Amino acid sequence: QVHLVESGGGLVQAGGSLRLSCAASGLTFGSYAMGWYRQAPGKQRELVAYITSGGSTNYADSVKGRFTISRDNAKNKVYLQMNSLKLVDTDVYYCVGGGRTVLVTTYWGQGTQVTVSS
């Protein structure tokens, strides 16, 4: 079974930083694109960022310049470094995997809550 387990969420002050981690198992990690989605109750699910198997990165306009996605294939982990956090960044963040040159939402983690306070 493929498992994606997020960690690193929590409460942070606006303007602060947080780093999310996703540990993957049950798949050939380096062969897959990995990404992060976020969603709050009543809101549309949004693709935040993804990184391809080749290491190319893509970001939503709302997080460009503030968030950085990276991966460590030796550790089967993907990260999301979030800087200059805003109140609107408050969401449940989901680790997603699938595809190669583009992200395909094949596998999902359970989510980790990020709450940004004023």
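Buried means under 20% relative accessible area, exposed over 50%, and partly exposed in between (1.4 Å probe, protein chains only). This is a predicted model, where local features need pLDDT of at least 70, side-chain atom pairs count only at pLDDT 80 or more, and totals for chains, interfaces and linings use all residues. Residues are numbered from 1 along each chain as its sequence is written, and side-chain values use heavy atoms, leaving out hydrogens and water.

**Disulfide**
- The whole structure holds one disulfide (a pair of cysteine sulfur atoms within 2.5 Å).
- Cys22 and Cys95 form it, with sulfur atoms 2.0 Å apart.
- The pair links distant parts of the chain, 73 residues apart: Cys22 lies in strand 3 (residues 18-25) and Cys95 in strand 9 (residues 91-97).
- Strands (E, at least two residues) are DSSP runs, numbered from the N terminus.
- The S-S torsion is about -80°, so the disulfide is left-handed.
- Cys22 is buried at 0% relative accessible area, and Cys95 is buried at 0% too.

**Salt bridges**
- There are five salt bridges (a side-chain nitrogen of Lys or Arg within 4 Å of a carboxyl oxygen of Asp or Glu).
- Asp89 pairs with Arg38 at 2.9 Å, N to O.
- Asp91 also bridges to Arg38, the closest N and O atoms being 3.7 Å apart.
- Both Asp91 and Arg38 are buried.
- Asp89 meets Arg66 at 2.8 Å, N to O.
- Shared partners join Arg38, Glu46, Arg66, Asp89 and Asp91 into one network.

**A loop residue**
- Gly55 sits in the loop between strand 5 (46-51) and strand 6 (57-59).
- Gly55 is partly exposed, at 38% relative accessible area.

Technical notes
Helix = DSSP H or I, 4+ residues; strand = E, 2+ residues; numbered from the N terminus.
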